[in-house]
Amino acid sequence: MTKMSTDLYDILLQKLDIRAIAAMAANGIIGNNNSIPWNIPEEMAFFRRMTQNASVLMGRKTFESIGHPLPNRQNIVMTKDAAWHCDTAIAIQKLDQLLELAIEGPIWVCGGAMVYEMLFPACRELYLSTVFGKFDGDTKMPSFGDIFVINKTILTCPTFKVDHYVTRRHANIEKKPLSL
Ligand SMILES: NC(=O)c1ccc[n+]([C@@H]2O[C@H](COP(=O)([O-])OP(=O)(O)OC[C@H]3O[C@@H](n4cnc5c(N)ncnc54)[C@H](OP(=O)(O)O)[C@@H]3O)[C@@H](O)[C@H]2O)c1
């Protein structure tokens, strides 16, 4: 992380309530061929419940793989393509644009791997579903052990569990003045 990006992550951590939500298999796989390699309605329901009426931030590939904006949520899409446009989503090219959007309430980072990796340092929390079993896939969860520490398991179902993680960085930056 460069000095400048560390400062930006600190500002995002302080000023916005950014959280990550993800589901991965026991072998770390989160995607295959631009889709999710399992279909677990209870896990999808958990995702819907957590993100309902809030903002969701995702990579352009994930957004296009879903095929439509997530309903009842403000959809924000990261793309390097300044010409990319969708009537029902906000496109951003740089993270600092999040500060200009005047978003109230949490922003849920919901993948894929590129966007998780980029946004994890700006997230206060991670809600991670672990799907029991190994899956074939082409997209893996980026490493997050240096960024988050586990708080507790909040849900256990027959096919998956959900662990709640908190950022290791938050306690330090909270002590800094808000005018950063
Ligand atoms: N299991 C889960 O919880 C979960 C959740 C979400 C997605 N997934 C899966 O993950 C896979 C997709 O993940 P992915 O990593 O390939 O793609 P992704 O993160 O969804 O999207 C990647 C795109 O984001 C944009 N982007 C990346 N870095 C950027 C930056 N620094 N600045 C601006 N834009 C940037 C680029 O869009 P442009 O190319 O337009 O510039 C890039 O191609 C799929 O298989 C999907 O189903 C799984």
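The following conversation goes through one predicted model and asks what stands behind the words used for it.

Visitor: What should I know about the numbering and the model before we start?

Guide: Residues are numbered from 1 along each chain as its sequence is written. The model is predicted, so local features need pLDDT of at least 70 and side-chain atom pairs count only at pLDDT 80 or more, while totals for chains, interfaces and linings use all residues.

Visitor: How do you know whether the radius of gyration of the chain agrees with that of a compact globule?

Guide: The radius is taken over C-alpha atoms, and the globule rule is 2.2 Å times the number of residues to the power 0.38. For 180 residues a compact globule would have a radius near 16 Å, and because the chain has 16 Å, the two agree. Along its principal axes the C-alpha trace spans about 45 × 40 × 30 Å.

Visitor: What makes Tyr 9 count as buried, and where is this residue found?

Guide: A residue is buried if 20 or more other C-beta atoms, placed from the backbone, lie within 10 Å of its own, exposed if 12 or fewer, and partly exposed in between. Tyr 9 has 23 C-beta neighbours inside 10 Å and therefore counts as buried. Tyr 9 is found in helix α1, residues 3–15, where helices (H or I, at least four residues) and strands (E, at least two) are DSSP runs numbered from the N terminus. Leaving aside neighbours within four places in sequence, Tyr 9 is in contact with Pro 121 and Ala 122, contact being a C-beta to C-beta distance within 7 Å, with these atoms placed from the backbone.

Visitor: What makes Ala 102 exposed?

Guide: Ala 102 has 5 C-beta neighbours inside 10 Å and therefore counts as exposed. The place of Ala 102 is in the loop between β5 and β6, and its phi is also positive, near 50 degrees.

Visitor: What makes a residue part of the shell around the ligand, and which are the closest?

Guide: A residue is near a molecule if its C-beta atom, placed from the backbone, lies within 6 Å of it. The ligand is surrounded by 29 residues, and the closest are Gly 31, Gly 59, Thr 62, Gly 111 and Gly 112. Elements giving two or more residues to this shell include β3 (55–59) and α3 (60–66). Gly 111 and Gly 112 are joined by a cis peptide bond, with omega about -5 degrees, and Gly 112 lies in the loop between β6 and α4.

Technical notes:
Contact = placed C-beta atoms within 7 Å.
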